[in-house]
Amino acid sequence: MKTAKVYIVITLMFVTQALFAQLEFTTSVSKNKLGVNQRFKIEFTVNQQGADNFKPPSFAYFDVVGGPSSSVNQSWINGKTSYSQSYIYILQPKKEGEFTIGPATIEYKGKLVKSNPVKITVTKKVAIPKDPNNPYYIAQQNIHLVAEVSDLKPYIGEGIYVVYKLFVSKNISVNNWRVTESPQYNGFWNQDIDVNNTNVRNGKYNGEDYRYIVLKKAILIPQKSGKLVINPMKMDFSLGIPTGRGDFFGNMIMNTINYSAESTTKTITVKPLPEEGKPLDFTGAVGDFTFQVTTDKSTLKANEAAQIKVEISGRGNLKLFEIPKITTPPELEVYTPEHKEDVKTSLNGLRGRISDSYTVVPQYKGKYKIPEVVFSYFDPKKQKYFTIKSDEIIVNVTEGKELLSGNNTTTLKQNVAVESNRDFRYIALKTTFKPATSNHFFKSRLFYLLLLLPFLAIPIGLFIGKKQAERASDVFGNRIRKANKLARKYLSEAKKHLGEKEAFYIALEKALHNFLKAKLQIETTDISKDKIEELLAKKGVDAEVVKEFISVLNNCDFARYTPSTNVMMEQEFDKAKNVITKIDKIITS
């Protein structure tokens, strides 16, 4: 008996080890040592079906330039079955050093399984060998990302522009591209210019014929003197490189590679504005401007409004300085000005007009002078300052109350207290004082409102209780709400990946299988679609609904390997949500 127990224990140990040995989840890389300008492939492979909920490790020190993509291999040789599924990423290091990529995780039969970590050594940039047959060397010689700056030595406040162009030789095809790092304009006020025309043009680069497109335009206005750096723009490309061989029909065979490029760093030397001749009222306007102060009325009655506009127009840093303010006599009531801007941005800089409009209301009869207004600016083309003075404005108030002037005081015909520039004011005969003591709370409006509040709460509570009872009795409505909530639960992960074709369809297929797993209490990933149809039919699901569910599953398989748009993904997401809702109303778990 004792011997039998020993055999049983030993047998269980071997069976357990065999079960654990069946699953292998490994991490492999195409290279462990590379330059900071190179890329490598990392692949996570599991050798058993039924593994689910794959989660990659953190790629904190690397940029993901490709993936995730997945592949499945299954074969039967001499009666033996082999299976493997891989999750693949293309990575590029962000900096030099030695880094460890941690393990990925996956679930298998309710247990969390981890892959092995890998170490990556990143060295300085590696020179690409001058091999005419090396596709990366060919790409380096035939594609160029260029930043063109209009002026490398502007003044503070002087507008310049930068244009980013992509030059590609005629024997290279660009299949796809994306900006991985936008340029930074530290120390500049900047504004992008819309690039509406992305047509391919012919041009020259280093004296050779190239095709090029304009990718980005921006206006820059330096805000401080000294050396300012424009960091490069970085991009990733999918390129078709000719191999020099043709196919059966004579067409050139192309080798598709992933390639990255960046523009050169640009250093701008910003000159300070000259101190010689700088006006005292200069507020930072740089450009070429005109200036005027106008009024829509110079003759009006008391309490009648007039508009006084201070306007600056021309070309320069229109948005980066203050408009001079007008000075008015105290007898004129002046409201906060209305600021308006009509400024257009182009490669020639900012051009247009800005203005402040003052509403002025006179209180008394008489003539009032609004002094001249002074505006100064620096013209970087002529390298000198200019000052413009507006004409003074006389406001003639023909009707209204009159101000009577004495030797040392100012009085009014009416008994009204008015401020003046004198040392004394007329004595006010009326006051606006309020009692220092407040009313008692008893028998006040607030007292009666708080007294009636409990009586108002009773009907409101009855109304809310009635609505809750109606909602609880609405069995059909509650089932619809429950089904919608369930659909959102299972499809939440897929919704996060809308726009990412591979990740979206993997998540959507996983959501459908997890939904069936919850409803049918089986592992649906291990059975065929015909079996799924049979199980749903047994549960009373309509044939049309079953057909719709299988259709969505099939689309998940095919769409990962065919072109797909965002609109198509959103339509597929809505189909999945609807079919989950329909099935949930029929099958109750």
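How many bridges pair strand β8 with β9, and in the parallel or the antiparallel sense? The legends below begin with this pair.

The coordinates are those of a predicted model, in which local features need pLDDT of at least 70 and side-chain atom pairs count only at pLDDT 80 or more, while totals for chains, interfaces and linings use all residues. Residues are numbered from 1 along each chain as its sequence is written, and side-chain values use heavy atoms, with hydrogens and water left out.

View A. Strand β8 (residues 105–108) and β9 are joined in the antiparallel sense over 4 bridges; strands are DSSP runs (E, at least two residues) numbered from the N terminus, and two of them pair if DSSP finds at least two bridges between them. E107 has L112 in β9 as its bridge partner. The sheet is made of 3 strands with antiparallel pairing. Its edge strands, β4 (52–55) and β9 (111–114), each pair on one side only.

**View B. The open sheet β2-β10-β7.** Here 3 strands form an open sheet with mixed pairing. The edges are β2 (33–35) and β7 (97–101), each of which pairs on one side only. β2 and strand β10 (residues 118–123) run parallel and are joined by 3 bridges. Within this pair, L34 stands opposite V122 in β10.

**View C. The packing of helices α5 and α8.** Helix α5 (residues 501–520) packs against helix α8 (residues 566–586) at an angle of about 5°, with the axes 11 Å apart. Helices are DSSP runs (H or I, at least four residues); axes are lines fitted to C-alpha atoms over the stretch in contact, and angles run from 0 to 180 degrees between N-to-C directions. The two helices are therefore roughly parallel to each other, a term for angles under 35 degrees.

**View D. The largest pocket.** The volume of the largest pocket is about 1,300 Å³, taken as the space filled by probe spheres set on grid points joined across faces, edges and corners. A pocket is an open set of points on a 1 Å grid over the protein atoms alone, where a 1.4 Å probe fits, with protein on both sides within 12 Å along at least five of seven lines; lining residues have an atom within 4 Å of a point. The lining has 43 residues, of which N37, Q92, Y259, S260 and A261 lie nearest the centre. β19 gives the most to this lining, with 6 residues.

Note on methods. Angles under 35 degrees count as roughly parallel, over 145 as roughly antiparallel, 65 to 115 as roughly perpendicular and the rest as oblique.
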